[in-house]
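Me: Please take a close look at the packing inside this chain. Start with its contacts, then go to the core, and end with the backbone.

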Amino acid sequence: MSSDSSEPTQQHMTVDAKEDENKSQFNERTLELEEVGPDTYMSLDLWRPKGNRGVFGGQVIGQAMSAAAKTVESPFRCNSLHCYFLAAGNSDEMIAYEVRRTRQGRSFCSRLVLAKQGGRTIFIATASFQAPEPSSLDHQYAMPKVPPPESLISREEYIRRKQQHTNIHKVSAQQLAERDSLPVEGRVVPLKKNAMGLPVKMMWLRAKGDMSKLDHTHHQAMLAYATDFGLISTASKPHIYNPTSPRPGMGMVVSLDHTIWFHESFRADDWLLYVMESPRAASGRGFAIGRIYRRDGVMVASVAQEGVVRASDTDKEYEPFEFSNKIDYVAPGTSVRAKAKL
């Protein structure tokens, strides 16, 4: 399934070249770092979403990966990134990324990244890089059959319409406008009405602008940035969408760790399908996994995340949504029947 067809190239169609160039510059600044010392880099831009305790975790993930990649020479490419969030980042102070060269082998090399603010480590990541290697072993889960992104509305419009019918995740117009200005756009794949409580979400994602002049590392870092959108909240779906039980308000949804594995080449500015599932939530924590596909059906990355997921009323017990209808979401022709209770 290996293919070089999705490598960043100089050829990419744009509707408005000037607007596209501006968006690309915005994308680059989102992850841009300034070298301030040996293997030490400083962020130039940080975003704290309205209502969040700290800066957006996906931006820290993407910047940490960019910092690690600056210490690795070609032909090595990132194959995995394992991250832990230790404390909320302050948007009023830029983050310093210290990279330690932990191992340099012929096939693999690894780096440790410490993200610091005010002398305190707020985030750590280990990154693995691999030299290209051919293999006769090649398989993957098939991509679900879903509508193409061109037929779907924007993520922001989807949220607006959803809020008209439910009290889930009330998002202000200011927050929606803020999300609409981000360097990544998304289009939610709607599920069947009788499957709204299933702990599954699917969304098409792509970076705005033409990224053809940016190398593969930036495409990987931009995808790492985007994988933090909506993944851990998948764990709350069976409870929030339960029509027969009181719906909990979410008191806290905070990432604890985040891991991404890269399998194939891709372009972050082409549409990618993000399939998210939550196999388990318990003990105040939610666990979610994701699979990412190119439009041609090739699975390019996998993601896993655990986070604190707490209801605002911790003294109450909320029953998960009970569902028994089939829904195809793992692979074409493969139906999964969820249990009555997770």
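Reply: Start with the contacts (heavy atoms within 4.5 Å). Of those in the chain with a separation of 6 or more, 72% are between residues 24 or more positions apart. This is a predicted model: local features need pLDDT of at least 70, side-chain atom pairs count only at pLDDT 80 or more, and totals for chains, interfaces and linings use all residues. Residues are numbered from 1 along each chain as its sequence is written, and side-chain values use heavy atoms, with hydrogens and water left out.

The chain has 342 residues, and 51% of them are buried (under 20% relative accessible area with a 1.4 Å probe, protein chains only; over 50% is exposed). Its secondary structure comes to six helices and 14 strands (DSSP runs of at least four residues, H or I, and at least two, E, numbered from the N terminus).

Now the core. The largest nonpolar core holds 62 residues (buried Ala, Val, Leu, Ile, Met, Phe, Trp, Tyr and Cys joined through side-chain atoms within 4.5 Å). Helix α2, residues 57–69, gives the largest share of this core, seven residues. Tyr97, Phe123, Phe129 and Tyr225 have the most contacts inside the core. Take Phe123. Leaving out residues up to four places away in sequence, Phe123 touches Val60, Ile61, Ala64, Cys83, Tyr84, Phe85, Leu86, Val113, Leu114 and Ala115. A second, separate core has 12 residues, including Met143, Leu191, Trp204 and Val275.

Next, the rings. The whole structure has six aromatic pairs (Phe, Tyr or Trp rings, the six-membered one in Trp, with centres within 6.5 Å). Ring pairs link Tyr225 into a cluster with Trp47, Phe56 and Phe229. Trp204, from the second core, has Arg295 over its face, 5.8 Å from the ring centre.

Last, the backbone. Most residues other than glycine have a negative phi, and most peptide bonds are trans. Asp39 has a positive phi, near 55 degrees. This residue sits in the loop between β1 (33–37) and β2 (40–43). Is Asp39 buried or exposed? Asp39 is buried, since its relative accessible area is 18%. Ser283 also has a positive phi, near 60 degrees. Its loop runs between β10 (272–282) and β11 (285–294). Ser283 is exposed, at 66% relative accessible area. Then look at Ser74 and Pro75. A cis peptide bond joins them, with omega about 10 degrees. Pro75 belongs to the loop between α2 and β3 (77–85).

Methods
Phe/Tyr/Trp six-rings, centres within 6.5 Å; stacked < 30°, edge-to-face > 60°. Lys NZ or Arg CZ within 6 Å of the ring centre and 35° of its normal.
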